[in-house]
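Subject: Handing over a structure, with notes on what was found

Dear colleague,

I am passing a structure on to you, and my notes on it follow below. Please read them with the sequence and the model open beside you.

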Amino acid sequence: GEVVTWGHEYAGDCRSVEDRLSAGVSSIVGSSGAFAALKDTGEVVTWGHEYAGDCRSVEDRLSAGVSSIVGSSGAFAALKDTGEVVTW
């Protein structure tokens, strides 16, 4: 599916990743200031405030093979097909 966002600019603004959210999204989870979308390909796309969703340190591990994501108030965890858990 396609993702449509709205809300406060610091947390809901997905313009930086909008092209990656136009199709193929199977689920979305949120934290207090960020979102993570799981695509059909197993890729995770994140946006929002960096204190709650910045995945740059693990981004290479979220490009494929993710089967599910959960969010808390300020963090995310992704379960990969291999059983590995990636947190950010």
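Helices (H or I, at least four residues) and strands (E, at least two residues) are taken here as DSSP runs and are numbered from the N terminus. Read along the sequence, the chain follows the pattern α-β-β-β-α-β-β-β, and its secondary structure comes to two helices and six strands.

Before the details, a word on the basis of these notes. This is a predicted model, in which local features need pLDDT of at least 70 and side-chain atom pairs count only at pLDDT 80 or more, while totals for chains, interfaces and linings use all residues. Residues are numbered from 1 along each chain as its sequence is written, and side-chain values use heavy atoms, with hydrogens and water left out.

Overall dimensions

Taken along the principal axes, the box filled by the C-alpha atoms is roughly 35 × 25 × 20 Å. Of the 88 residues, 40% count as buried, where buried means under 20% relative accessible area, exposed over 50% and partly exposed in between (1.4 Å probe, protein chains only). Contact means heavy atoms within 4.5 Å, and among contacts between residues at least 6 apart in sequence, 34% join residues at least 24 apart.

The two sheets

Two strands are said to pair if DSSP finds at least two bridges between them. Three strands form an open sheet in the order S1-S2-S3, with antiparallel pairing. Strand S1 (25-30) and S3 stand at the edges, each with a single partner strand, so one side of each is left without a neighbour in the sheet. Neighbouring strands of this sheet are turned by 20 degrees against each other on average, direction ignored; the axes are lines fitted to C-alpha atoms, for helices over the stretch in contact, and angles run from 0 to 180 degrees between N-to-C directions. Five bridges join S2 to S3, and Ala36 stands opposite Thr46 in S3.

Another open sheet is formed by three strands in the order S4-S5-S6, again with antiparallel pairing. Here S4 and S6 stand at the edges with a single partner strand each, so one side of each is left without a neighbour in the sheet, and the twist averages 20 degrees from one strand to the next. S4 and S5 are joined by five bridges, and Ser68 stands opposite Leu79 in S5.

Aromatic pairs

The structure holds two aromatic pairs; rings of Phe, Tyr and Trp (its six-membered ring) pair if their centres lie within 6.5 Å, and planes under 30 degrees apart count as stacked, over 60 as edge-to-face and the rest as tilted. The rings of Phe35 and Trp47 have their centres 5.5 Å apart and their planes at 20 degrees, so this pair is stacked. It links distant parts of the chain, since Phe35 lies in strand S2 (residues 34-39) and Trp47 in strand S3 (residues 44-48), twelve residues apart. Phe35 is partly exposed, with a relative accessible area of 30%, whereas Trp47, at 4% relative accessibility, counts as buried.

Phe76 and Trp88 form the other pair, also stacked, at 5.4 Å centre to centre with 20 degrees between the planes. Phe76 lies in strand S5 (residues 76-80) and Trp88 in the segment after strand S6 (85-87), twelve residues apart, and both Phe76 and Trp88 are buried.

Nonpolar cores

A nonpolar core is a set of buried Ala, Val, Leu, Ile, Met, Phe, Trp, Tyr and Cys residues joined through side-chain atoms within 4.5 Å. The largest has 15 residues, of which Ala36, Val44, Leu62, Val66, Ile69, Phe76 and Trp88 touch the most other members. S2, strand S4 (66-71) and S5 each supply at least two residues of this core, and S2 gives the most, with three. A second, separate core of eight residues includes Val3, Cys14, Val17 and Ala37.

A loop residue

Asp40 lies in the loop between S2 and S3 and, at 60% relative accessibility, counts as exposed. Not counting residues up to four places away in sequence, Asp40 touches Gly24, Val25 and Ser26.

With best wishes
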